[in-house]
Each structure stands twice: as C-alpha cells, then as structure tokens.
Amino acid sequence: MPTTVRAFAKINIGLAIGALRTDGFHELRTIYQTVALHDSVHVAITPGSGIVVGCEGDGVPLDSSNTAYRWAKEA
C-alpha cells in the first residue's frame, strides 16, 4: 500500500561527525530542533523489479548514490 509522509527540516544546534562506518555512513552525534518546513516523501511497492527514485527538484541524484536508494536496497 502506498504511503506519503512528511520529512521535516531541522536546525542543527550541535553536530559532531565521527568515523566512517563500513556501510559508507559516518557515526553522528547531534542535537537538533525540527521546524515546520518539510518535504513530502511518497513510497510504494509496485509490480516489477528494481528500485526507482524520482524527484521534482534539481540536484537530487536518482541513481544508486541516493541515500533513499541505498536504504531501500538494504531493507
């Protein structure tokens, strides 16, 4: 069943970036506050194979370098 959620923006009050992990992500320690600004993220499982990432904005990678793509591949 398709779902749409709001991904709220945040303001980092404090941010420490740690060592690179084996999965390609960094350890993070952060203190943040969410704000009302948000993106809408739509996720659906459909017949077929593979992962498709789409975005109406410019500058968002639509290939395997996209963080959402990487997360979906690991799920």
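Q: Let's start with N66: does it count as buried or exposed?
A: Buried. The cut-off for that word is under 20% relative accessible area, and N66 has a relative accessibility of 9%, so it falls in the buried class. Keep in mind that this is a predicted model.

Q: On to charges. How many salt bridges does the structure hold?
A: The general idea is that side chains of opposite charge can pair when their charged atoms come close. Here, the structure holds two salt bridges. In one, R21 pairs with D23, and their closest N and O atoms are 2.7 Å apart. In the other, R21 meets the side chain of E27, with 3.9 Å from N to O. The bridges share partners, and that joins R21, D23 and E27 into one network.

Q: Which rings have a charged end sitting over them?
A: For this one, look for the end of a Lys or Arg side chain placed over the face of an aromatic ring, within 35 degrees of the ring normal. Then turn to F25, where the charged end of R70 sits over the ring, 4.3 Å from the centre.

Q: What about rings with rings: how many aromatic pairs does a search of the whole structure find?
A: A pair of aromatic rings is described by the distance of the centres and the angle of the planes. In this case there's no such pair to describe: the search of the whole structure finds zero.

Q: Last one: which residues form a nonpolar patch on the surface?
A: For a patch like this, you want nonpolar side chains with over 30% relative accessible area, joined within 5 Å. Here, V5, V41 and V43 form one, and together they have about 220 Å² of accessible area. With a relative accessible area of 44%, V5 is partly exposed.

Terms used:
Residues are numbered from 1 along each chain as its sequence is written. This is a predicted model: local features need pLDDT of at least 70, side-chain atom pairs count only at pLDDT 80 or more; totals for chains, interfaces and linings use all residues. Side-chain values use heavy atoms; hydrogens and water are left out. Rings of Phe, Tyr and Trp (its six-membered ring) pair if their centres lie within 6.5 Å; planes under 30 degrees apart count as stacked, over 60 as edge-to-face and the rest as tilted. A charge sits over a ring if NZ of Lys or CZ of Arg is within 6 Å of the ring centre and within 35 degrees of the ring normal. Buried means under 20% relative accessible area, exposed over 50%, partly exposed in between (1.4 Å probe, protein chains only). A salt bridge is a side-chain nitrogen of Lys or Arg within 4 Å of a carboxyl oxygen of Asp or Glu. Patches are made of residues with over 30% relative accessible area and no salt bridge: like charges are joined within 9 Å, nonpolar side chains (Val, Leu, Ile, Met, Phe, Trp, Tyr) within 5 Å. Accessible areas come from the Shrake-Rupley method with a 1.4 Å probe; for residues, only the protein chains shown count as cover.
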